[in-house]
Amino acid sequence: MESSARREEAPLTPREIYERLDRYVIGQDAAKRAVAIAAHNHLKRVQARRLRRQSLIKKSNILLIGPTGSGKTHIARNLAEILHVPFTTVDATEYTEAGYYGKDVEVMISDLLLKANHSVEDTQRGIIFVDEVDKIARRSQGARNGAGSRDIGGEGVQQGLLKLLEGREVYVPLNVTQAWNKSDFVQVDTRDILFICAGTFSDLHDYGDEPGGGRPLGFGADERFRRAKKRIGTKQLVEFGMLAEFLGRLPVVVQLDLLGEADLIRVLTEPPDSIIREFRELLAMDELELDFDDGALREVVHYSVARGLGARGLRSILEHVMADIMFEAPERRRRQVKVDADYVRPRLATLDAVELNV
């Protein structure tokens with residue numbers, strides 16, 4: 001009995017976390033492995049503290065770097081579900097330096113507290129996903145007279161986040177919508193809150209030098225371009241405008257690859273919560289059987305890749321493609337609906353990528 005209780009308390013291994021992530025996250029194997037290791041170490045750290053043991057294990061906050069639609073948010077959300085902890089997503093651009101109009105960084109802890117049904121204990125082992133962290137890089141420009149040197153949305157926010165990332169006891173407002181009201185607050189220890197920061201860092205030149213300084217040309221050039229990618233180092237991130245102290249509190253840096261067409265077809269069809277499965281279930285409720293053939297999938301995926309939308313754009317594209325079918329579905333019971341390339345192509349021709357909500 002005692003051994004079984006001990007076995008239940010054992011944290012998930014990196015392989016177990018990876019395998020569960022692999023069911024829902026297509027591709028990005030190196031990223032999933034790195035996140036699995038960091039999450040396992042985080043669980044061990046939380047367990048040691050719960051058993052009131054002294055531990056040398058430091059917090060493994062994560063920085064995800066990758067293009068739009070490569071799966072940064074998807075990895076973080078699924079990791080939270082695997083670990084059974086509260087999870088919230090916040091946008092770094094909404095926060096300002098203390099004393100300015102805007103959200104103080106403590107409000108992101110309030111968001112997590114809300115998701116944890118105001119349980120401080122659950123909040124203190126949750127995950128906060130900080131998106132668009134590249135948008136709070138320090139600005140280097142400024143007028144000679146000092147005007148413009150105040151950077152209330154950049155360096156000041158990074159400075160404010162330092163104490164949360166490292167782990168402090170902070171007072172956070174109970175009411176997210178009234179963060180200015182200091183009369184209702186609660187003390188939260190952030191030492192065991194896992195922070196996953198993410199950004200595109202699109203201005204970083206993280207690819208190998210090519211003749212002429214541009215993208216390589218010729219047959220198979222995109223594949224060579226993808227293979228030539230170099231690891232982004234701390235020096236590049238500091239030059240980009242991130243504080244060295246801020247990066248020091250994000251020890252796990254993970255780079256995600258641009259998803260190719262083969263990966264995006266798998267995104268559409270393989271995961272248990274894939275978009276095609278969702279449409280099939282919706283139509284099945286109207287007694288319709290959806291047959292989405294390979295040619296149609298390739299058309300949708302090619303459209304997304306050609307416009308650099310990644311996996312994030314797939315839902316918006318399919319919502320447009322399927323609009324007529326979904327509108328008429330309740331009137332067409334007990335039928336099979338076939339969606340092929342000929343059906344998809346003219347509908348994509350009417351869709352402008354600018355109008356997509358991605």
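The legends below describe close-up views of a predicted model. Local features require pLDDT of at least 70 and side-chain atom pairs count only at pLDDT 80 or more, while totals for chains, interfaces and linings use all residues. Residues are numbered from 1 along each chain as its sequence is written, and side-chain values use heavy atoms, with hydrogens and water left out.

**View 1. Burial of strand E6, residues 194–199.** Six of the six residues of E6 are buried (under 20% relative accessible area, 1.4 Å probe, protein chains only). One side carries Leu194, Ile196 and Ala198 and the other Phe195, Cys197 and Gly199, so that both faces are covered. Strands are DSSP runs of E with at least two residues, and helices are runs of H or I with at least four, numbered from the N terminus.

**View 2. Pairing of E6 with strands E1 and E3.** Strands pair if DSSP finds at least two bridges between them. E1 (residues 62–65) is joined to E6 in the parallel sense by four bridges, and Leu63 stands opposite Cys197. E3 (residues 127–131) also runs parallel to E6, over four bridges, with Ile127 opposite Leu194.

**View 3. Packing of helices H3 (residues 29–50) and H4 (residues 72–83).** The axes, lines fitted to C-alpha atoms over the stretch in contact, lie 12 Å apart at an angle of about 40°. Ala31, Val35, Ala39 and Leu43 of H3 and Ile75, Leu79 and Leu83 of H4 make the contact (heavy atoms within 4.5 Å).

How values were computed
Buried < 20%, exposed > 50% of the residue type's maximum accessible area, 1.4 Å probe, protein only. Axes fitted to C-alpha atoms, helices over the stretch in contact; angles between N-to-C directions.
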